[in-house]
Amino acid sequence: MEQSVSAWTLMRLMKVVRTNNLSMFSYTSMLSADWEIVSVPMAKSAAKQIFENMADPGQSELMLKNFMKFLPPDKATQAFASFEVTLNGTITKQALVKWVVDVFKERKSLSLTLNDNRTVIIKINQLLDAVLIAGICAVSFMIMGFNSQTLLVFNSSLLIPAVAIFGNMARTTFESIVFLFVIHPFDVGDRVSVEGVPLLVEEMNIFSTIFLNGANEKISYPNSLLATKPITNVHRSPDQWELIEIRIDSTTNVPKIGILQDRLNRYIESLPEIWYPRWRFVVKDFDDSSHLNMYISIQHHINFQDGGERWQRRSNMILHLENLMNELEISYKLPPAQIDIKAGTIFTEDPLIPISHAVL
């Protein structure tokens, strides 16, 4: 029973082995290795060594032929497809480093998940052992000739107070076990959202789960309470969509908007390893006859498990969009405000928001 793992954990383990073109190896052989990657800096260093060993002298990017030096053609093609390939059909050093770091984080998360599952199962075994010992003692007393009615009265006198005292704990324990092994909405290392609050799963215990919030503070939730809340699992989600809202002046020429859309499309097509080619550029509404609310909806090649990578991609997209809008002179101007000048002080229509205090 101690070797049991959840279905999601097994799927993640299979995904790492299958998608990363890894061969199976024993735990003993892994322990006998000369060195082991135990941190992100070590993973980056290992990735750089791999790149230098695979690349030809003076080569700044890897191509399929570099993989064929070390792997059969079919395996080389499969391994090459696991990376973010540029439009030119090459793999940059940065993409290789990112891939190795992601594999290290995934394996570390799997290790923590398996360790937590093993700890929970050991505690459940201890609980079941206690129940089994109590049952064996009761049967042994009956076999030894103790009066069954007297024994039943004695056990009842013990069980009734125990049920009153520990009944709620037993129910909570059962709910936690069902939550951990039947529902199992997340694993250690998953980025989740509980009631709209983004959290990172840090540790899973039999009665509670510990999360990290955005400020790296630990938050503990009872599993019985989590079982009643909607939980969004980002790590198990498919490639996700990004939504960017922009506001432009309503007097902007429609041809300019078309040019902006064409240039943005060229930018997205130039980064096929980051963005899917399908995207939407739509006008949401026409607000106050002064501006247009527009949305850009675009799909990443990743989900938002790696929050830093998601926000970096979004930032690059927004900066490029800003440059395009400046080149095309597309902007939004605030409508003219009504100004009252009284007693040497300039105010807006709202007396609570002064523009300036200038003595005339």
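I took a salt bridge to be a side-chain nitrogen of Lys or Arg within 4 Å of a carboxyl oxygen of Asp or Glu. This is a predicted model, in which local features need pLDDT of at least 70 and side-chain atom pairs count only at pLDDT 80 or more, while totals for chains, interfaces and linings use all residues. Residues are numbered from 1 along each chain as its sequence is written, and side-chain values use heavy atoms, with hydrogens and water left out.

I looked up the salt bridges and found that the count comes to eight. One of them joins the side chains of Asp 56 and Lys 69 at 2.4 Å, N to O. Asp 56 lies in the loop between α3 and β1 (61–62) and Lys 69 in the loop between α4 (64–68) and α5 (73–80), so this pair ties together parts 13 residues apart in sequence. For the elements I used DSSP runs numbered from the N terminus, helices being H or I of at least four residues and strands E of at least two.

I next looked up Asp 190, which forms a salt bridge with Arg 236, the closest N and O atoms being 4.0 Å apart. Asp 190 is in the loop between α7 (148–183) and β3 (191–194) and Arg 236 in the loop between β7 (231–233) and β8 (241–249), so the pair ties together parts 46 residues apart in sequence. I also noted that Asp 187, Asp 190 and Arg 236 are linked in a network of salt bridges.

Last, I found the side chains of Glu 242 and Arg 314 meeting in a salt bridge at 2.7 Å, N to O. Glu 242 is in strand β8 and Arg 314 in helix α10 (residues 307–327), 72 residues apart.
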